[in-house]
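Okay, thanks everyone, I'll keep this short. Let me put the structure up and then walk you through it.

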Amino acid sequence: MLNRREIIQTATVGTVALGLPTLFATPQAAAAEVAGFTLPPLPYACDALEPHLDARTMEIHHDKHHAGYVANLNKALAGHSDWLKLTPIQVISKLAELPEGIRTAVRNNGGGHANHSLFWTIMSKKGGEPRGDLKKAIDDSFGSFGAFQKEFGTAALKQFGSGWAWLVPGKEKPLTVVATANQDNPVMTGAAAPILGIDVWEHAYYLKYQNKRADYIAAWFQVINWDQVAANYHAAKKG
Ligand code: MN
């Protein structure tokens with residue numbers, strides 16, 4: 001049994017030991033407990049998609065542009081720790097709930113983070129064409145793979161200025177093509193999360209293709225990771 005004096009000593013030592021991190025904690029350190037969003041690494045080397053997408057473009061696009069969206073999203077949501085725990089898609093699905101003062105910054109940079117996080121994963125050197133359920137969904141929705149490519153490619157080409165074209169699970173058809181401006185994403189207007197998307201900002205192609213967006217789109221079709229798109233499709237169907 002401890003006597004009263006020993007209990008007080010033990011308690012004091014315990015308090016001091018436990019108290020140390022608190023003593024040195026600053027408000028910044030406390031905020032840092034919610035880590036915020038991080039830049040996902042490219043799932044392949046920068047030159048993996050050559051010659052279709054050049055290494056220098058991939059490097060700048062990922063390391064500078066995408067990194068910038070992540071940094072600015074964290075800046076915009078600093079102090080909103082509940083939001084920092086969400087996925088980027090969850091964040092941009094409920095922009096209306098954000099304070100107006102940061103809504104545009106989160107829309108642009110949260111969109112940028114969500115869109116590019118998908119973009120890297122749906123490309124691969126392997127290329128090819130969709131198979132199985134996804135092929136059937138594309139055929140049912142567009143008539144054929146060729147008809148899909150035409151509709152998707154046209155949406156990407158005709159998007160005025162910066163933006164994206166997407167393949168999105170739909171209600172009336174299994175899949176639909178949607179284009180959005182800037183870093184907007186179909187989930188911002190209540191649609192399902194896209195399973196495939198092409199970035200048609202000039203930063204995605206200008207070094208190699210300059211003003212020839214159609215050539216970039218044609219090249220990009222050679223590096224679609226259809227296995228990942230199929231996985232995204234199956235995940236969307238499960239809800
Ligand atoms: Mn981009």
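So, when I say buried, I mean a residue with under 20% relative accessible area. By that cut-off, 41% of the 239 residues in the protein chain are buried. And keep in mind that this is a predicted model.

Overall layout, then. The chain has eleven helices and three strands. Going along the sequence, you read α-α-α-α-α-α-α-α-β-β-β-α-α-α. For contacts with a separation of 6 or more, 69% come from residues 24 or more positions apart.

Now the metal. Which residues give the protein donors of the manganese ion? They're His61, His116 and His203, each through NE2, plus Asp199 through OD, and they sit 1.9 to 2.1 Å from the ion.

Last stop, a helix pair. The axes of α7 (residues 132-142) and α8 (residues 145-158) come within 8 Å and cross at roughly 70°. Angles of 65 to 115 degrees count as roughly perpendicular, so that's what we call α7 and α8. The crossing of α7 past α8 is left-handed. On the α7 side you've got Ile138, Asp139 and Phe142, and they meet Phe145, Ala147, Phe148 and Glu151 in α8. By class, that contact has five nonpolar residues, two charged ones and no polar ones.

That's my tour, happy to take questions.

Methods: Residues numbered from 1 in each chain as written. Predicted model: local features only at pLDDT ≥ 70, side-chain atom pairs only at ≥ 80, totals over all residues. Heavy atoms only, no water. Donors = N, O, S within 2.8 Å, 3.2 Å for Na, K, Ca; no water. Axes fitted to C-alpha atoms, helices over the stretch in contact; angles between N-to-C directions. Helix = DSSP H or I, 4+ residues; strand = E, 2+ residues; numbered from the N terminus. Parallel < 35°, antiparallel > 145°, perpendicular 65-115°, else oblique. Left-handed = near helix turned anticlockwise from the far one by under 90°. Contact = heavy atoms within 4.5 Å. Nonpolar A, V, L, I, M, F, W, Y, C, P; charged D, E, K, R; others polar. Buried < 20%, exposed > 50% of the residue type's maximum accessible area, 1.4 Å probe, protein only.
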